[in-house]
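Please look over the sequence and the model before reading the notes. They are arranged by topic.

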Amino acid sequence: MIDVSKRKSIFCLYNEGMGIREISRRLKISTNTVRKIVDQNGEPLETIRRDKISVDPELLRSLHTKCDGYVQRIHEILAEKGILIGYSTLTRNIRELNLGSPKNQRCDQIPDEPGAEMQHDTSPYTIKLGTARVKIIASLIYMRYSKMRYLKFYRSFNRFAMKCFFHEALLFFGYSAPVCIIDNTNLARLKGTGKNAVMAPEMKQFAKQYGFEFICHEIRHSNRKAGNERSFYTVETNFFPGRDFETLEDMNQQAFDWATIKMPNRPVSKTKMLPAKAFEYEQSFLKKTPVYITPPYLVHERGTDQYGYAALNGNFYWVPGKTRFKVKVLQFCDHVEIYHKRKKLTEYQLPPDGVKNKKFSPKGEPKSKYQPKNRKNPTADEEKILRSADTAVDLYLNFALTMKGKSRHGYVRQLYTLYKKTAPSVFIQAMQRALKYRIKDMNVIDNIIRLFLMQSNYDMPLPEIDEEFTKRPAYLEGRFADEVDLSIYKDKE
């Protein structure tokens, strides 16, 4: 293929009087090629490939609308009309007309201006809390100009958690930017994407209280909030390493200190600017948060049980009064308020993360002696105490606890009762013997404990338990001690 510069040189030499054969000899190009270039005035001839033929744009737009954007159906309709076009060519024409989802669009470079915008995003992590690894969601808000951050972690992140996070962060800052850049999350977006995104009326009204609005960046343009993305990298490389977290509350306290005390007073690497100083300058360009804003809350309709408790999120809150009535439980970010007929009855602080199946009473009042109607009575604490007593007990529980539900809880409670009324050394020996002979019957275990007590009194060895012996009726009925000839012990006296 002859490049453009050589084509122009051939045409120029021909115009200066050099013959076609001479040009062919000097440039080592065939005479036929030289003649074609001269006929084309030195310009390349644009050829249209048959497979690149485009469809009428208006027809394509109408079919795209009619078929709801399904290209395969558009291709079938064109074939029915006698318009034969390759499927890949059709998709290319659709992309050129910007009818489908726009791809590979360029991003705009937005300069850092004081008070121009803030950014928000979330990121999932798997972190060790105490001794267990759990999945958490990190939520971070970032002031673009001053580089100020606010970080908090959640077990799960929904629309209510998003409202609570913004409320806490903006009240802490005392200011908000007029724009908050977010991705196309359905927590704030109702429909559309990017510049065509329509925010949910609930979230639009929420943002209006603080003086800002949500704006979604284009799909795959996460660099539009690059400061926020870079902040998560800093969390992974500076906050997590070398820190231990016992609970989620402990983790959030450390995150608060890190994001609002340490990082604002650490110079930014390139400009050496202190975020805290930059934020003081930026405040005059931001919108001041109103003095009082009603915190976000959820309304739960509840009825009190016969003992006066209202259930919420797996816990039970006592409602003052002497009769049963329906109440409204308002769940705020950090507390709950209970109302009846628009009158506030009481208020409770939300329990720490992971606390379930607990009952709460108002401060300064005696706790109710009654249990909530639907309160569960698990045996996790009893099982933990038994397993920590000795390795033999732990091994026995691994063997015996094969059942589930009520049977499992009942078995653990019976075993825990024996543990409380038996000397630890005797109980551990009984567990070793029960594991050796694969015994699960609680009556038999009780009799084994009695035999060990008799052994300690008469200083005689215990009889072995064989398969034939375990089939005797007295053994199955729990009268294991009756099968032992006590005369051998009396001789020792």
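The briefing below covers a pocket, a lysine in a strand and a helix. The model is predicted, and the values given here are computed from it. The largest pocket has a volume of about 1,100 Å³. K152 belongs to strand β3, and β3 (149-154) is among the elements that give two or more residues to the lining of that pocket.

**Largest pocket**
- A total of 33 residues line the largest pocket.
- Those nearest the centre of the largest pocket are Y154, Q331, C333, L350 and D353.
- Two or more lining residues come from each of β3 (149-154), α7 (159-173), α10 (248-262) and β12 (315-318).
- Sorted by class, the lining of the largest pocket holds 18 nonpolar, eight polar and seven charged residues.

**K152 in strand β3**
- The side chain of K152, a residue of β3, makes a polar contact of 2.9 Å with the side chain of E168.
- When neighbours within four places in sequence are set aside, K152 is in contact with I137, A138, S139, F165, E168 and N252.

**Helix α15**
- Helix α15 comprises 13 residues, 424-436, and its end C-alpha atoms lie 18 Å apart.
- That distance agrees with expectation, because 13 residues at 1.5 Å a residue should span 18 Å.
- In α15, the buried residues are V426, F427, I428, A430, M431, R433 and A434.

How values were computed. Residues numbered from 1 in each chain as written. Predicted model: local features only at pLDDT ≥ 70, side-chain atom pairs only at ≥ 80, totals over all residues. Heavy atoms only, no water. 1 Å grid on protein atoms, 1.4 Å probe; cavity = no way out; pocket = protein on both sides within 12 Å on 5 of 7 lines; lining within 4 Å. Points joined across faces, edges and corners; volume = space filled by probe spheres on them. Helix = DSSP H or I, 4+ residues; strand = E, 2+ residues; numbered from the N terminus. Nonpolar A, V, L, I, M, F, W, Y, C, P; charged D, E, K, R; others polar. Expected span 1.5 Å × (residues − 1). Buried < 20%, exposed > 50% of the residue type's maximum accessible area, 1.4 Å probe, protein only. Polar contact = N/O pair within 3.5 Å; in protein donor to acceptor, adjacent residues only side chain to side chain. Contact = heavy atoms within 4.5 Å.
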